[in-house]
Amino acid sequence: SHSIDLPSRPGMAAEFAAHLGQSEVTVTARHTDFGVASTNERWGPGVFASTSLGAASEGIPRIFARSKQPWHTSAGIFEWRFFAGSLTESRFFDRNPSNDHRALSGAVVIFSPASAPSLSIGAGRLVQSPQEGRFVAPAEAVRALTNWKQQRTPATGADSSTGDQLLTVFWRWISPAPGLELYAEWTRQELPRSLRDLIAAPFNSAGSLWGARWAIPREKGSLILGGEFLDVEQSTAYPNRPAREFGVGAAVPQGFTQRGQPLGPFTGPGSSAQFITVDRRRSAINYGLVAARIRWNDGAFYRQPGANFFRRDVSAMAGLHGSVERRSYILGARLLFERRFNYLFQNGFGQPGARPTVNTSNLTLRFTAEPR
């Protein structure tokens with residue numbers, strides 16, 4: 001009833017794999033782009049995370065159609081995107097070859113009102129369902145648009161529309177004068193059964209993300225303060241509907257994952273995270289600080305017997321980053337230190353003096369070079 005393809009420790013043996021990576025082929029016909037891709041599909045305004053579709057997992061092999069350019073109307077500007085792809089489970093999930101692939105259908109629309117061009121509002125839907133053959137069938141490809149019927153999944157009592165669905169709404173507002181940017185995303189696993197259901201319990205089976213950035217003018221550049229907060233922890237809104245962890249499978253056992261990594265929040269089901277940034281931007285040099293706190297897979301924490309404060313899996317992070325523009329390239333570097341307390345909930349007694357927790361430390365140094 002809480003199934004997801006999210007292996008924490010995949011073993012010590014070496015593994016070799018070859019994939020298409022961030023590849024895309026596009027053909028333009030009038031006002032529409034058509035193509036095939038294996039790139040990461042990102043939805044929402046989040047800088048670090050997303051509640052719907054992020055970049056934590058490998059890209060999804062898919063076909064797509066999207067607006068070539070924004071569509072200008074008297075009401076405002078519209079953009080849209082539709083895709084249908086195939087998800088693959090990791091080799092650590094099960095030994096059943098009949099369900100190694102799942103169909104994923106997605107559609108998103110973004111609107112900027114003519115009266116408020118600095119405001120962008122988006123809405124999208126994802127539906128994953130069992131894939132009958134090696135390739136996605138036409139009926140499976142359009143389920144994000146066509147399948148809205150609610151069905152009860154016996155194992156969890158959750159709603160399903162011939163698969164698992166995510167309904168997301170997001171917005172971003174930028175005010176040039178004070179240099180302020182505000183954004184948010186709200187994603188729900190269960191379709192609202194009525195307007196009253198939506199108003200009475202808007203966060204039933206939902207996850208949210210909130211963020212802000214403020215650019216303060218400085219000599220030869222600006223100082224940018226930012227913060228982002230992610231919360232996909234679940235609570236019981238209705239006693240007759242068992243709470244299902246965010247992103248896990250109800251009709252599809254692998255959940256919203258691609259090759260063992262989550263499609264949405266990289267922090268895992270039932271998690272929460274906070275990020276704070278301070279950046280200094282000049283003409284060709286950027287540098288800054290980042291601090292973060294992540295509470296990993298908190299849904300699994302609550303299924304432990306005798307769960308208490310000392311048995312959570314929590315990370316504290318701090319880091320430096322910088323980049324410089326040189327001719328045709330942007331050269332960057334990032335140093336990040338992480339201290340993870342009670343890694344994978346291995347503190348069996350949950351008392352600070354009875355048994356040491358399994359804490360880990362990671363130091364990551366990353367260099368990048370990308371074209372301007």
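Since the model is predicted, local features need pLDDT of at least 70 and side-chain atom pairs count only at pLDDT 80 or more, while totals for chains, interfaces and linings use all residues.

Let me start with the strands. Two strands are said to pair if DSSP finds at least two bridges between them.

Where does the pairing of L320 lead in β19? L320 stands opposite L335 there, and β18 and β19 pair in the antiparallel sense over 13 bridges. These two strands form a hairpin with 2 residues between them, and R327 in the turn has a positive phi of about 55°. As background for looking at such strands, in a regular strand the side chains alternate between the two faces of the sheet.

Several of these residues come back when we turn to the surface, where W214, L225, V278, L289, L320, L335, F337, L363, L365 and F367 form a nonpolar patch with about 990 Å² of accessible area together. A patch is made of residues with over 30% relative accessible area and no salt bridge, where nonpolar side chains (Val, Leu, Ile, Met, Phe, Trp, Tyr) are joined within 5 Å and like charges within 9 Å. The areas come from the Shrake-Rupley method with a 1.4 Å probe, and for residues only the protein chains shown count as cover.

Which strands each supply at least two residues of this patch? They are β19, residues 329-341, and β20, residues 360-371, and the largest share, 3 residues, comes from β20. V278, for its part, lies in strand β16 and counts as partly exposed because its relative accessibility is 32%. In these terms, buried means under 20% relative accessible area, exposed means over 50%, and partly exposed is in between, with a 1.4 Å probe and protein chains only.

Now to the charged side chains: a search of the whole structure finds 13 salt bridges, a salt bridge being a side-chain nitrogen of Lys or Arg within 4 Å of a carboxyl oxygen of Asp or Glu. In one of them the side chains of E233 and R295 meet at 2.7 Å, N to O. This pair links distant parts of the chain, 62 residues apart, with E233 in the loop between β13 (221-231) and β14 (257-258) and R295 in strand β17. E233 is partly exposed at 25% relative accessible area, whereas R295 counts as buried at 16%.

A further salt bridge joins R340 to D313, with the closest N and O atoms 2.7 Å apart. R340 lies in strand β19 and D313 in the loop between α4 (298-301) and β18, so this pair ties together parts that are 27 residues apart in sequence. Are these two partners buried or exposed? R340 is buried with a relative accessible area of 12%, and D313 is buried with 0%.

Finally, the second largest pocket has a volume of about 540 Å³, where volume is the space filled by probe spheres set on grid points that are joined across faces, edges and corners. On a 1 Å grid over the protein atoms alone, a pocket is an open set of points with protein on both sides within 12 Å along at least five of seven lines, and lining residues have an atom within 4 Å of a point. This pocket is lined by 26 residues, of which L20, A37, P61, R62 and S86 lie nearest its centre. Strand β5 gives the most to that lining, with 4 residues.

Terms used. Residues are numbered from 1 along each chain as its sequence is written. Side-chain values use heavy atoms; hydrogens and water are left out. On a 1 Å grid over the protein atoms alone, a cavity is a set of points where a 1.4 Å probe fits but cannot get out, and a pocket is an open set with protein on both sides within 12 Å along at least five of seven lines; lining residues have an atom within 4 Å of a point.
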